[in-house]
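Here are a few exercises for getting to know a new structure. Try each one by eye, then read the worked solution.

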Amino acid sequence: MQAIVGDQLLVHGRIVGQHDRVAEVIEVLGQRGNPPYRVRFEDGHESLMSPGPDCVVRHREDGGR
């Protein structure tokens, strides 16, 4: 998984009834776009993430890659 600042991580709910969450990548701490990432969720909460198989990267639309 590779991401750059501005990409979004879509974290799928793991159990029935749990909603998907979206987080914006605000810092890439790994080499060459690899995790871990510092992310900010829609509610303003910031966290470090090393995404697992329940997560998908949505790349920026401006072609910043």
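**Exercise 1.** Where is the place of aspartate 7? Find the residue, then work out its cover and its polar partners.

*Solution.* A word on the model before we start: it's predicted, so local features need pLDDT of at least 70, side-chain atom pairs count only at pLDDT 80 or more, and totals for chains, interfaces and linings use all residues. Residues are numbered from 1 along each chain as its sequence is written, and side-chain values use heavy atoms, leaving out hydrogens and water.

Step 1: aspartate 7 sits in the segment before β1 (8-11). Strands here are DSSP runs of E with at least two residues, helices are runs of H or I with at least four, and both are numbered from the N terminus.

Step 2: aspartate 7 is buried because its relative accessibility is 0%. Buried means under 20% relative accessible area, exposed over 50%, and partly exposed in between (1.4 Å probe, protein chains only).

Step 3: look for polar contacts, meaning pairs of N or O atoms within 3.5 Å; within protein, one must be able to donate a hydrogen and the other to accept it, and residues adjacent in sequence count only if both atoms are side-chain atoms. The side chain of aspartate 7 has such a contact with the side chain of histidine 59, at 3.1 Å. A polar atom of the aspartate 7 side chain also lies 2.8 Å from the backbone nitrogen of arginine 60.

**Exercise 2.** Which residues make up the largest nonpolar core, and which strand gives the most to it?

*Solution.* Step 1: a nonpolar core is a set of buried Ala, Val, Leu, Ile, Met, Phe, Trp, Tyr and Cys residues joined through side-chain atoms within 4.5 Å. The largest has 11 residues: Ala3, Leu9, Val11, Ala23, Val25, Tyr37, Val39, Phe41, Met49, Cys55 and Val57.

Step 1: sort them by strand. At least two residues come from each of β1, β2 (21-28), β3 (37-41) and β5. The top contributor is β3, with 3 residues.

Step 2: zoom in on valine 57. Beyond its neighbours within four places in sequence, valine 57 touches Met1, Gln2, Ala3, Asp7, Gln8 and Leu9.

**Exercise 3.** How many salt bridges does the structure hold? Find the partners.

*Solution.* Step 1: a salt bridge needs a side-chain nitrogen of Lys or Arg within 4 Å of a carboxyl oxygen of Asp or Glu. The structure has 2 of them.

Step 1: one joins glutamate 27 and arginine 38, at 3.1 Å from N to O. Glutamate 27 is in strand β2 and arginine 38 in strand β3, so the pair ties together parts 11 residues apart in sequence.

Step 2: another links glutamate 46 with arginine 40, and their closest N and O atoms are 2.9 Å apart. Glutamate 46 is partly exposed at 39% relative accessibility, and arginine 40 is partly exposed with a relative accessible area of 35%.

Terms used
Contact means heavy atoms within 4.5 Å.
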